[in-house]
Amino acid sequence: MASPRTITIVALSVALGLFFVFMGTIKLTPRLSRDAYNEMKRAYKSYVRALPMLKKMGVSSILLRKSIGALEVACGIVMTLVPGRPKDVANFLLLLLVLAVLFFHQLVGDPLKRYAHALVFGILLTCRLLIARQPEEQPPEKRVLSVNGDEQPLGHEAAPEKGKMKVS
């Protein structure tokens, strides 16, 4: 049976992965929701206006929105489907992306209700990463008791009772 830690990691990975695939797709195409897509276009235009440095580097609002959307979709797919270490890399990239988006929202002065979801999913990404990076609990090792040069297993059945000495 899977450990609670494993179940938690898998559940968070799938939920977060699907969320980021969905949000990335909204940034890339109006097929899922035309209103949300248009809102994303407007928001990214304000981000680029607030950071003139991006304009100087040749980064347009379209390029920024599409690159962030593509990264969200790619990392979301990895979080949902790919086992092992790549999930942690995708998790870390998405966490950096969420921090950048939170920075953009703060930069343009958006109210909390406009970026609360990014805050919540950033916290979930952090929790998933922390849980995944914790070492797996190891079963207790068999300890040995050395009596007169002989090694005997030390467990509940072989341990000398408290206050009594084992004589051989």
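Is E39 buried, partly exposed or exposed, and what is its relative accessibility? At 31% relative accessibility, E39 is partly exposed; by definition, buried means under 20% relative accessible area, exposed over 50%, and partly exposed in between (1.4 Å probe, protein chains only). The model is predicted, so local features need pLDDT of at least 70 and side-chain atom pairs count only at pLDDT 80 or more, whereas totals for chains, interfaces and linings use all residues. Residues are numbered from 1 along each chain as its sequence is written, and side-chain values use heavy atoms, with hydrogens and water left out.

**Salt bridges in the whole structure**

- Six salt bridges are found in the whole structure, a salt bridge being a side-chain nitrogen of Lys or Arg within 4 Å of a carboxyl oxygen of Asp or Glu.

- E39 pairs with R42 in a salt bridge whose closest N and O atoms are 2.7 Å apart.
- Both residues belong to helix α2 (residues 34–50) and are three residues apart, about one turn of the helix; helices (H or I, at least four residues) are DSSP runs, numbered from the N terminus.
- R42 is partly exposed, at 40% relative accessibility.
- D110 and R114 form a salt bridge, with 3.9 Å between the closest N and O atoms.
- D110 is buried at 17% relative accessibility, whereas R114 is partly exposed at 27%.
- Through shared partners, salt bridges join E39, R42, D110 and R114 into one network.

**R128 and D88**

- R128 forms a salt bridge with D88, the closest N and O atoms lying 3.1 Å apart.
- This pair links distant parts of the chain, 40 residues apart: R128 is in helix α6 (residues 112–133) and D88 in helix α5 (residues 85–108).
- R128 is buried at 2% relative accessibility, and D88 is buried at 14%.

How values were computed
Helix = DSSP H or I, 4+ residues; strand = E, 2+ residues; numbered from the N terminus.
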